[in-house]
Amino acid sequence: MGAGDSKAGKERANSCVACHGVAGNSVNPLYPSLAGQSEAYLVKQLKAFKSGDRKDPVMSAMATPLSDKDVENLAAYYSTSKSGGKSLEESKGEKAKTMEQTGRYEGAPSGISSSDIVYKDVPKGIQISKSEFEKSNTIYFERCAGCHGVLRKGATGKPLTTDITRKLGTEYLKNFITYGSPAGMPNWGTSGQLSDKEIEMMARYIQNEPAVPPEWGMNELKGSWKMLVAPDKRPKKKENNLNLDNLFSVTLRDSGEVALIDGDSKKIVTIIKTGYAVHISRMSSSGRYLFVIGRDARLNLIDLFMKVPETVAEIKIGLEARSVETSKYKGYEDKYAIAGSYWPPQYVIMNGDTLEPIKVVSTRGMTTGTQEYHPEPRVAAIIASHERPEFIINVKETGKIMLVDYTDIENLKTTVVDAALFLHDGGWDSSHRYFMSAANKSNKIAVIDSKTAKLVKLVDVGAIPHPGRGANFKLPKLGRVWATSHLGDDSISMISTEPKGKKAWSVVKTVKGQGGGSLFIKTHPKSKNLWVDTTLNPDTKISQSVAVLDINNVDKGFERIPIAELADLGDGPKRVVQPEYNRAGDEVWFSVWNGKDQKSAIVVLDDKTRKVKSVIKDARLITPTGKFNVFNTQHDIY
């Protein structure tokens with residue numbers, strides 16, 4: 001009899017179920033059953049993963065936060081569980097084949113409405129009704145398509161084509177949807193966001209063939225374009241007393257709105273209706289206009305000079321989208337806007353102050369490397385070059401970066417750089433010359449020199465990098481670095497951005513955070529702190545808190561700050577997401593993202609003391625997620 005408490009181990013095992021099954025009986029060929037295994041063996045293996053003697057990106061991330069008592073309790077629980085699943089040896093043979101097919105999961109919502117889907121007959125033998133299929137479509141496009149793709153061919157998330165899902169089976173799919181994974185798949189069931197009935201329905205739905213949404217060309221673009229206030233009818237000068245430099249645009253995900261919050265008073269200035277689950281807010285070069293784009297591809301242009309800021313133009317640039325940007329090169333400031341869509345896979349160039357569509361360009365084409373045709377190469381991050389009159393566009397599934405010269409829209413010139421699969425987000429180094437772009441599937445950061453329009457290097461980092469814009473800071477002895485956290489493991493990779501240094505564009509330091517499931521990492525030029533969220537980790541202790549490291553001594557390890565606990569909201573998933581600084585760089589804001597019908601909040605910390613300075617609670621703050629300080633966004637400060 002060991003020293004562990006099996007009852008306590010059962011409570012701690014929630015984050016293990018997605019891979020190892022209920023009570024340790026795996027229905028997943030990727031992972032072994034733990035039920036009935038030797039208690040001493042389990043203790044030894046967990047400690048080996050925790051110490052690094054045994055290496056696995058998922059298990060290492062899972063074992064790192066465990067205390068010795070947690071290890072003993074888990075071993076006690078699984079050793080006394082009744083065995084009914086596959087053994088370690090039985091699972092090994094199937095693991096390599098399935099891993100090759102599927103990669104890893106990640107999750108994020110999408111915006112396509114089921115009403116936009118061209119319905120197809122359900123194949124015979126799949127037990128799902130038409131009404132279930134339509135309801136599942138809505139859930140899939142709100143929760144799943146962002147990572148797994150409209151055609152379910154996979155990207156940051158696994159492919160969910162029927163040749164794979166039918167082999168995995170309903171029970172395995174139910175477990176994964178319910179419990180998520182430490183590599184970033186959200187725990188839709190245990191977080192309360194999907195019911196057991198919905199999860200069972202979705203497990204059957206993804207064993208059916210996917211529906212294909214319609215295309216969206218210039219006729220549809222112009223048909224959706226609305227000029228609400230023409231430029232000559234707008235204020236000639238600023239008509240409000242807002243401190244625009246310290247204004248925050250905050251996504252209210254599930255209400256389809258953004259809240260403009262005064263960073264000085266911490267009060268909501270106004271709520272503006274937008275598309276569903278706004279993905280990002282971007283500023284015009286002048287700082288007057290705010291662009292926000294929803295996952296349903298609705299783009300709002302908001303004039304911050306009006307007495308009460310409001311939308312002056314809007315357009316729907318497709319059926320699902322993530323990115324928007326404006327021209328920033330000297331002589332072209334605010335002349336053009338650009339938005340990229342997930343479906344159809346294309347980008348749209350528009351007039352900067354009206355959103356009138358000018359040109360739409362498809363991104364369908366061949367992949368880098370194997371050079372195979374891909375029907376769904378989605379537009380991920382877009383960033384405006386400071387070195388040349390160009391937009392820099394990440395095309396996710398082809399792994400190519402397009403540098404689009406906007407000096408002659410009629411005769412568009414594009415430089416295409418082969419990078420790596422699958423491109424996602426990224427940001428500038430501190431000089432604003434080098435674009436650091438995450439290639440999720442390849443576990444690499446692509447470094448692009450925006451002055452020469454060439455690939456500098458592909459840098460190996462941790463599993464599934466997801467930096468947001470990343471974080472720029474200076475390490476003692478090592479100089480300037482740009483850092484990313486990861487969805488797939490607990491590492492934080494720091495890449496030298498000293499162009500003339502011997503280790504330029506190489507990882508010069510790797511440290512550990514709380515775990516996998518990180519979406520954003522952040523610091524500020526005036527700060528000595530590096531903040532890392534772990535929003536999608538299935539362990540609530542991790543997803544409801546953040547890690548903070550001292551930039552002057554990152555080897556010291558991180559301090560955990562229980563942000564959700566500080567918000568004091570009561571029940572709910574209370575995921576903590578996206579650190580963002582104020583204009584002065586002395587406050588850092590965190591969203592506590594709760595259920596739609598539950599209380600959410602924004603917690604503001606004093607960056608120096610790491611103590612609570614304010615908690616913003618307001619009934620209108622429905623599922624706050626992304627926050628964008630106007631000045632920091634306008635000037636690419638991160």
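**Entry 1: a cavity lining**

I began with α9, which gives the second largest cavity the largest share of its lining, three residues. I am working on a predicted model, where local features need pLDDT of at least 70, side-chain atom pairs count only at pLDDT 80 or more, and totals for chains, interfaces and linings use all residues. I number residues from 1 along each chain as its sequence is written, and side-chain values use heavy atoms, with hydrogens and water left out. Helices (H or I, at least four residues) and strands (E, at least two) are DSSP runs, numbered from the N terminus.

I then searched the whole structure, and three cavities of 30 Å³ or more came up. A cavity here is a set of points on a 1 Å grid over the protein atoms alone, where a 1.4 Å probe fits but cannot get out; lining residues have an atom within 4 Å of a point. Volume is the space filled by probe spheres set on the points, with grid points joined across faces, edges and corners.

The second largest cavity holds about 150 Å³ of space. It is lined by 14 residues, and Cys144, Leu160, Ile177, Met185 and Ile206 are the closest to its centre. I checked which elements supply at least two lining residues each: α7 (130–143) and α9 (162–179) do. I sorted the lining by class and got twelve nonpolar, one polar and one charged residues. For these classes, Ala, Val, Leu, Ile, Met, Phe, Trp, Tyr, Cys and Pro are nonpolar, Asp, Glu, Lys and Arg are charged, and the others, Gly among them, are polar.

**Entry 2: strand β2**

I looked at β2 (residues 247–252) next. Six of its six residues are buried, meaning under 20% relative accessible area; exposed is over 50% and partly exposed lies in between (1.4 Å probe, protein chains only). Side chains in a regular strand alternate between the two faces of the sheet. In β2, Leu247, Ser249 and Thr251 point one way, while Phe248, Val250 and Leu252 point the other way.

Which strands pair with β2? I count a pair if DSSP finds at least two bridges between the strands. β3 (residues 257–262) runs antiparallel to β2, joined by six bridges. Thr251 faces Val258 across that pair. Four residues lie between the strands of this hairpin, and Gly256 has a positive phi near 65 degrees. β35 (residues 624–629) also pairs with β2, antiparallel, over four bridges. There, Leu252 has Pro624 as its bridge partner.

**Entry 3: a four-stranded sheet**

I traced an open antiparallel sheet in the order β9-β10-β11-β12. β9 (320–326) and β12 (357–362) are the edge strands, each with a single partner, so one side of each has no neighbour in the sheet. Neighbouring strands are turned by 20 degrees against each other on average, direction ignored; axes are lines fitted to C-alpha atoms. I found six bridges between β9 and β10, with Ala321 opposite Ser341.

I also noted a cis peptide bond between Trp343 and Pro344, with omega about -10 degrees. Pro344 sits in the loop between β10 (336–343) and β11 (346–351).

Asp568 has phi near 55 degrees. This residue is in the loop between α13 (563–567) and β31 (575–581). Arg610 has phi of about 65 degrees, in the loop between β33 (601–606) and β34 (612–616).

Are these two buried or exposed? Asp568 is exposed, at 59% relative accessible area. Arg610 is buried, at 19%.

Definitions and conventions. On a 1 Å grid over the protein atoms alone, a cavity is a set of points where a 1.4 Å probe fits but cannot get out, and a pocket is an open set with protein on both sides within 12 Å along at least five of seven lines; lining residues have an atom within 4 Å of a point. Axes are lines fitted to C-alpha atoms, for helices over the stretch in contact, and angles run from 0 to 180 degrees between N-to-C directions.
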